[in-house]
Amino acid sequence: VMDNHSSDTEFCLRGFPGSQDLCSTLFALFFFFYLVTLMGNMVIITIIGVDRRLQSPMYFFLAHLSVLEILITTIVVPVMLWGLLLPGMQTISLTGCVVQLFLYLAVGTTEFTLLGAMAVDRYVAVCDPLRYNIVMTSRTCNSVVIVSWLFGFLSEIWPVYATFQFTFCKSNLLDHFYCDRGQLLKLSCDDTLFTEFILFLMAAFIIIGSLTPTIVSYTYIISTILKIPSASGRRKAFSTCASHFTFVVIGYGSCLFLYVKPKQTQAAEYNRVVSLMVSVVTPFLNPFIFTLRNDKVKEALGDGVKRCCHLLKD
């Protein structure tokens, strides 16, 4: 570890401590996850853009969700892969650390806001289908997406600014594979308790604030579905929400463990595992959740594959 003076300009990322064989195995695994994440989410964005059957608010939001999943994994995974590939400690500049933390938190916040909006969209579709086209106009959808992106990026300016106002004099070794806020606060010689409490309140507001419309929407959705007399009708109604609901459970579950806790500086091993869920596993699962559980997407995907095959034959 470098001396204290260098901690003003750069940090060392510990990454995944272990043998070279372990690092090589992890590199191969995470590289595979990353490639599948990029390809899967790009396929979703492409088929939503070209297939007319998917020109609806639900799929418009899904395309933006796929963009966010690509971004959140790209902010973290290439740096992590580089660290696994090279022997020794990986360094990241102070500016690089600020940018990575800000983008990671901003994209994550945007995603939560969008997930809340998607839940309301599903509520209107299931509980008030006759007014769906009146309520969910293209203007409304564009406004929701713009507000989600603006809120995500603007709301994280102060938390990141406050994090880097501290003096990091204990060490410059971050026990993580990216610039994690909890690990940064551990390195500070200042009293971080008050700031940590404010950051906890802000994280709770963002996550619980976007989770509330999701819970309320699904309460109404489930009660409406249970009132449908036929089993096929109930199944059809639930199939429109199943993929979003699955994604919400995985996404919110891991983030509640990671961010909504009064003490930001908890065990590094725990932090690493939950961060992997957020930045690697969830983006990887996204294409599977939204294609395998959605008949329209499967049909559009099948037609796209057939068209590609015909083009190749010609």
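This is a predicted model: local features need pLDDT of at least 70, side-chain atom pairs count only at pLDDT 80 or more; totals for chains, interfaces and linings use all residues.
View 1. The unreviewed UniProt entry lists residues 197-221 under "transmembrane region", together with 26-48, 60-81, 101-120, 141-161, 242-260 and 272-292. For residues 101-120, another of the spans that the entry lists, the end C-alpha atoms are 29 Å apart, again with 100% helix and 0% strand.

**View 2. Packing of helix α3 with helix α8.** Helix α8 comprises residues 193-227 and packs with α3 at an angle of about 20 degrees, the two axes being 9 Å apart. That angle makes α3 roughly parallel to α8, and the crossing of the two helices is left-handed. On the α3 side, the contact is made by Thr109, Phe112, Thr113, Leu115, Gly116, Ala119, Val120, Arg122, Tyr123, Val126 and Cys127, while α8 contributes Ile206, Ile207, Ser210, Pro213, Thr214, Ser217, Tyr218, Tyr220, Ile221, Thr224 and Ile225. Sorted by class, the residues of this contact divide into 14 nonpolar, seven polar and one charged.

**View 3. Packing of helix α2 with helix α3.** The axes of α2 and α3 come within 10 Å and cross at roughly 160 degrees, and the two helices are therefore roughly antiparallel to each other, as the angle is over 145 degrees. In this pair α2 passes α3 in a left-handed crossing. The residues of the contact comprise 17 nonpolar, four polar and four charged.

**View 4. Packing of helix α2 with helix α5.** Helix α2 (residues 57-85) and helix α5 (residues 138-155) have axes that come within 10 Å and cross at roughly 20 degrees; because this angle is under 35 degrees, α2 is roughly parallel to α5. The crossing in which α2 passes α5 is right-handed. From α2, the contact involves Pro57, Phe60, Phe61, His64, Val67, Leu68 and Leu71, and these meet Cys141, Asn142, Val144, Val145 and Trp149 of α5. By class, the contact of α2 with α5 has 10 nonpolar and two polar residues, and no charged residues.

**View 5. The three-stranded sheet.** Three strands form an open sheet of mixed pairing, in the order β2-β1-β3. The edges are taken by β2 (90-93) and β3 (173-174), each of which has a single partner strand, so that one side of each is left without a neighbour in the sheet. Strands of a sheet pair through backbone hydrogen bonds, either parallel or antiparallel. Strand β1 (residues 10-13) runs antiparallel to β2, and four bridges join the two; within this pairing, the bridge partner of Phe11 is Ile92 of β2, and that of Leu13 is Gln90 of β2. With β3, by contrast, β1 pairs in the parallel sense over two bridges, and Cys12 stands opposite Leu173 in β3.

**View 6. Helix α3 against the sheet.** Helix α3, formed by residues 94-127, lies across β1, β2 and β3 and runs at about 80 degrees to β2. This is the helix that also packs with α8 at an angle of about 20 degrees and crosses α2 at roughly 160 degrees.

Methods. Residues are numbered from 1 along each chain as its sequence is written. Side-chain values use heavy atoms; hydrogens and water are left out. Two strands pair if DSSP finds at least two bridges between them. Contact means heavy atoms within 4.5 Å. Axes are lines fitted to C-alpha atoms, for helices over the stretch in contact, and angles run from 0 to 180 degrees between N-to-C directions. Angles under 35 degrees count as roughly parallel, over 145 as roughly antiparallel, 65 to 115 as roughly perpendicular and the rest as oblique. A crossing is left-handed if the near helix is turned anticlockwise from the far one by less than a right angle, and right-handed if clockwise. Ala, Val, Leu, Ile, Met, Phe, Trp, Tyr, Cys and Pro count as nonpolar, Asp, Glu, Lys and Arg as charged, and the others, Gly among them, as polar. UniProt positions are given in the numbering used here, feature names are shortened, and annotations may be inferred rather than shown by experiment.
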